[in-house]
Amino acid sequence: MIGNDIVDLAAAAAESNWKRKGYLQKIFNESERFLIHASNDANMMVWLLWTMKEAVYKAAERGERGTSVKTFAPCSLYCNNLILHESWALGTVVYKGDSYFCKSSLTLDYIHTIAAESQMTLSLVSTKIEDYDIADQTYKAGKPDSVSHHGRFLALIRLLDSLQSTN
């Protein structure tokens, strides 16, 4: 399974006050909070770690449809092995005892993360990021494997083997 998450950084700045007392403790474990505080860009690190957790949660829970009520508990996901570059990041997230691989794009406008159970799957993903219009649902006709939207952005993910089987 794959999952993805996107954060519009302008919308996040307007909607979230992650610097308020106790906020980080509710979402991030001690080592993740260390990464945030040690980062040259704490805002970017907060949203990078957040997108990694969200993308993994979406990937993991897709495989468990029809089971109990789902609750996103960010502290139950552990980001680690983070490799940062100016415009991308790689890392892993452990959730319910399973490791997931994450690949993130870092831009001035958004952070986008794709999560999968294997590194190979990450190489088989086609990504499309476009403007998001809540009234326009035509993207659903293309049956993407994973959808995420926030603020101005819509992120659509397709596995390449899915693309080939529909052609």
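**Figure 1. Overall fold of the predicted protein chain.** The chain holds 6 helices and 8 strands, defined as DSSP runs (H or I, at least four residues, for helices; E, at least two, for strands) and numbered from the N terminus. From the N terminus on, their order is β-α-α-α-α-β-β-β-β-α-β-β-β-α. The C-alpha trace spans about 50 × 35 × 35 Å along its principal axes. In this predicted model, local features need pLDDT of at least 70 and side-chain atom pairs count only at pLDDT 80 or more, whereas totals for chains, interfaces and linings use all residues. Residues are numbered from 1 along each chain as its sequence is written, and side-chain values use heavy atoms, with hydrogens and water left out.

Figure 2. His112 is buried, its relative accessible area being 2%. Its side chain makes a polar contact with the side chain of Asn4 at 2.8 Å (a pair of N or O atoms within 3.5 Å; within protein, one must be able to donate a hydrogen and the other to accept it, and residues adjacent in sequence count only if both atoms are side-chain atoms). Leaving aside neighbours within four places in sequence, the residues in contact with His112 (heavy atoms within 4.5 Å) include Asp5, Ile6, Lys103, Thr127, Ile129 and Ile157.

**Figure 3. Ile134 in the loop between strands S6 and S7.** This loop links strand S6 (125-131) and strand S7 (146-150). Ile134 is exposed, with a relative accessible area of 65%. The C-alpha atoms of Ile134 and Gly151 are separated by 9.9 Å, the two residues being 17 residues apart along the chain.

Notes
Buried means under 20% relative accessible area, exposed over 50%, partly exposed in between (1.4 Å probe, protein chains only).
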